[in-house]
Amino acid sequence: MEGVSNGGMLYHEVQEAKLCAVHCVNTVLQGPFFSEFDLAALASDLDCKERQMMQDSGACTGDFLSAESHNVSLDGDFSIQVLQKALEVWDLQVIPFSSPVAEPAQIDPELENAFICHLHDHWFCIRKVNGEWYNFDSLYAAPEHLSKFYLAAYLDSLKSSGWSIFLVRGNFPKECPISSSEASNGYGQWLSPEDAERIIKSCNSTWGSQRVISTRQHSDPAADMLTEFEDEDLRAAIAASLMDSSQAMTSTEAVAAQNTEEKIAE
């Protein structure tokens with residue numbers, strides 16, 4: 001069993017735009033280690049390497065010649081490869097739950113430390129912190145405690161519902177200085193297990209579920225407009241982060257991309 005970390009506090013990020021992949025990575029690491037710009041930079045690097053590999057193999061198609069990223073969409077949805085690269089920085093491996101390597105985890109998941117779950121465009125993390133399991137879904141107002149007896153049944157339920165599950169193994173960060181890191185990520189918060197439980201119970205009694213209600217479902221028009229502006233800023237920021245990838249295209253790629261744009265314009 002891992003020792004007590006971060007003074008017994010839990011790090012949780014609540015959903016912002018479509019940044020669930022960012023929230024997922026940070027809750028695996030239990031601290032605000034990555035921003036959307038960091039993941040966009042990793043996506044850009046992966047795109048460049050993939051294009052180069054396709055060119056070298058002589059199998060480069062029109063799809064890969066385009067400037068469009070294959071590892072991040074403009075609304076902020078990242079690929080599993082990006083999450084893997086981010087966690088590799090911290091000496092962590094991301095292993096498909098169905099892999100033979102993960103067979104022990106399939107039998108007794110309680111002995112592991114973290115799982116990543118994905119369906120459609122949503123990512124979330126299930127993580128053991130200070131010997132207890134929590135669901136750090138960013139659509140939840142706070143991490144939800146999971147008993148070790150319920151963990152296996154919950155993973156089976158996700159799998160049967162079509163979720164892709166990945167096991168995370170390696171040397172997890174032991175500490176994240178709370179005092180210096182709180183201001184570095186506007187999405188995150190540090191909660192004691194008692195505070196997390198109180199928030200979850202409050203949400204259950206108020207809304208009938210733990211999930212955060214979208215601001216667009218109950219906010220005024222001014223708040224909706226602000227959210228739209230924030231989404232536009234996010235798309236612009238991710239597009240800017242991908243510029244290096246586009247600029248790295250060869251002349252052949254650039255011509256192909258231009259032809260594609262002209263066809264669309266017609």
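Mentor: Two strands pair if DSSP finds at least two bridges between them. Keep that in mind for this predicted model. In it, Trp133 stands opposite Leu146 in β6.

Trainee: What makes β5 and β6 a pair?

Mentor: They are joined over three bridges, in the antiparallel sense. The cut-off is at least two, so β5 and β6 pair.

Trainee: How do you know that β4 and β5 pair as well?

Mentor: Count the bridges again. Four of them join β4 to β5. Four meets the requirement of at least two, so these strands pair too. They run antiparallel. Trp133 in β5 is the bridge partner of Lys128.

Trainee: What lies between β4 and β5?

Mentor: Two residues, and the two strands form a hairpin. Asn130 sits in the turn, with a positive phi of about 55°.

Trainee: Why is the phi of His120 worth a remark?

Mentor: Most residues other than glycine have a negative phi. His120 is not a glycine, yet its phi is positive, about 55°. It lies in the loop between β3 and β4. Asn6 is another such case, with a positive phi of about 50°. Asn6 belongs to the segment before β1.

Trainee: Are His120 and Asn6 buried or exposed?

Mentor: His120 has 66% relative accessibility. Exposed means over 50%, so His120 counts as exposed. Asn6 has 5%. Buried means under 20%, so Asn6 counts as buried.

Trainee: Now the annotated residues. Where does UniProt place the feature "active site"?

Mentor: The unreviewed entry puts it at Cys20, His122 and Asp137. They are spread over 118 residues of sequence. In space they cluster, with a largest C-alpha distance of 9.4 Å.

Trainee: Why is His122 called buried?

Mentor: Its relative accessibility is 12%. That is under 20%, so His122 counts as buried. The residue lies in strand β4.

Trainee: What about Asp137, buried or exposed?

Mentor: Its relative accessible area is 1%. The cut-off is under 20%, so Asp137 is buried. Find it in the loop between β5 and β6.

Trainee: What makes the link between Asp137 and His122 a polar contact?

Mentor: Their side chains are joined at 2.9 Å. The limit for a pair of N or O atoms is 3.5 Å, so this distance is within it. Cys20 and Asp137 are both among the residues His122 touches, along with Gln15, Cys117, Ser138, Leu139 and Trp163.

Trainee: How do you know that Cys117 is buried?

Mentor: Its relative accessible area is 0%. Under 20% is the test, so Cys117 is buried. Its place is in strand β3. Beyond four places in sequence, its contacts include His122, Trp123, Leu158 and Trp163. Its C-alpha is also 9.2 Å from that of Lys159, 42 residues apart along the chain.

Trainee: Which residues touch the most other members of the largest nonpolar core?

Mentor: Phe78, Leu83, Leu87, Ile116 and Trp123, out of 38 residues. Among the elements that each supply at least two residues are α2, α4, β3, β4 and α8. α1 gives the most, with seven.

Trainee: Why would such residues gather inside?

Mentor: In soluble globular proteins, nonpolar side chains tend to be buried together. Take Trp123 here. Leaving aside neighbours within four places, its contacts include Cys20, Cys24, Phe78, Leu83, Ile116 and Phe166.

Conventions: Residues are numbered from 1 along each chain as its sequence is written. This is a predicted model: local features need pLDDT of at least 70, side-chain atom pairs count only at pLDDT 80 or more; totals for chains, interfaces and linings use all residues. Side-chain values use heavy atoms; hydrogens and water are left out. A nonpolar core is a set of buried Ala, Val, Leu, Ile, Met, Phe, Trp, Tyr and Cys residues joined through side-chain atoms within 4.5 Å. Buried means under 20% relative accessible area, exposed over 50%, partly exposed in between (1.4 Å probe, protein chains only). Contact means heavy atoms within 4.5 Å. UniProt positions are given in the numbering used here, feature names are shortened, and annotations may be inferred rather than shown by experiment. A polar contact is a pair of N or O atoms within 3.5 Å; within protein, one must be able to donate a hydrogen and the other to accept it, and residues adjacent in sequence count only if both atoms are side-chain atoms.
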